[in-house]
Amino acid sequence: MIRKATLPAIIADHNYVMIRDEFCEQLRRSLQDEPTSLPFIRNTLPTTPLVQTGELFQIFVIGGTKGEVATVRADSQGAITILQHKAYPKLAKFKTWDDLLDFIDPRVTSTTRAICLNFGFALVPVTNAKGNLDGIMIGNDTKGHLFRGLPQQPVGAAIEAYFQAKYGRDLVITVGNDVVCLAAAAMCPGQDTALAGIVGTGYNLYTSHLILRHVSPEPK
């Protein structure tokens, strides 16, 4: 769900306590489904693991400028071992949906069954028929990528359909935007991360409910 709301008063001076308090108030409103100036989209992460313990799977990171592809394995404790990794410091702009598929296709290994796609664009989260997190692209926040011909369906489901039609392969693909993936990384066992950020082609901030406990506004 996306909610648009009133813009809070512009803070002209450098009263950082007031800025902090106002930001915390906007977070509280978002969590309580009240009008807020923060673009707020709820993402429900699945409770069932996408892969089995010890299974190899691939991770694709596709941002506005940079990309990464890795083959990894997760153990029973959730620890990730990176077996292969390649970074793409400057991605070519994806003018069409086919351009994106042309990037993904040759980099999917023959043994891959599951793919996790960190997709750095605005998505409306959905849960697909397999119970995995997926997303439908919204708006024009494409960071210079046009994606002409993008199907009006969840990104992961569209990629699954492509591999099924072309190769007869039944892949399992889950998709989250960069903030959701950042949140998932922050929730690793043993971590207590309340605030994390991404400064890249765009700027994104992840906050958990923990920040509302860590930050206590001063009495007014």
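Just after α3, G168 takes a positive phi of about 70°, helices being DSSP runs of H or I with at least four residues and strands runs of E with at least two, numbered from the N terminus. The model is predicted, so local features need pLDDT of at least 70 and side-chain atom pairs count only at pLDDT 80 or more, while totals for chains, interfaces and linings use all residues. Residues are numbered from 1 along each chain as its sequence is written, and side-chain values use heavy atoms, with hydrogens and water left out.

Helix α3 itself comprises 13 residues, 155-167, and its first and last C-alpha atoms lie 18 Å apart, close to the 18 Å expected at 1.5 Å a residue, where the expected span is 1.5 Å times one less than the number of residues. Its buried residues (under 20% relative accessible area, with over 50% exposed and partly exposed in between; 1.4 Å probe, protein chains only) are V155, G156, A158, I159, E160, Y162 and F163. These buried residues pack against α2 (97-104) and against the strands β4 (114-119), β5 (123-127), β6 (133-137) and β7 (172-176), contact meaning heavy atoms within 4.5 Å.

## Aromatic pairs

The structure holds eight aromatic pairs, defined by ring centres of Phe, Tyr and Trp (its six-membered ring) within 6.5 Å, with planes under 30 degrees apart stacked, over 60 edge-to-face and the rest tilted. The F119 and F147 pair is tilted, because the ring centres are 5.9 Å apart and the planes stand at 55°. This pair links distant parts of the chain, with F119 in strand β4 and F147 in the loop between β6 and α3, 28 residues apart.

F119 is buried at a relative accessible area of 0%, and F147 also counts as buried, at 4%. Both rings belong to one aromatic cluster formed by Y88, F94, F103, F119, F121 and F147.
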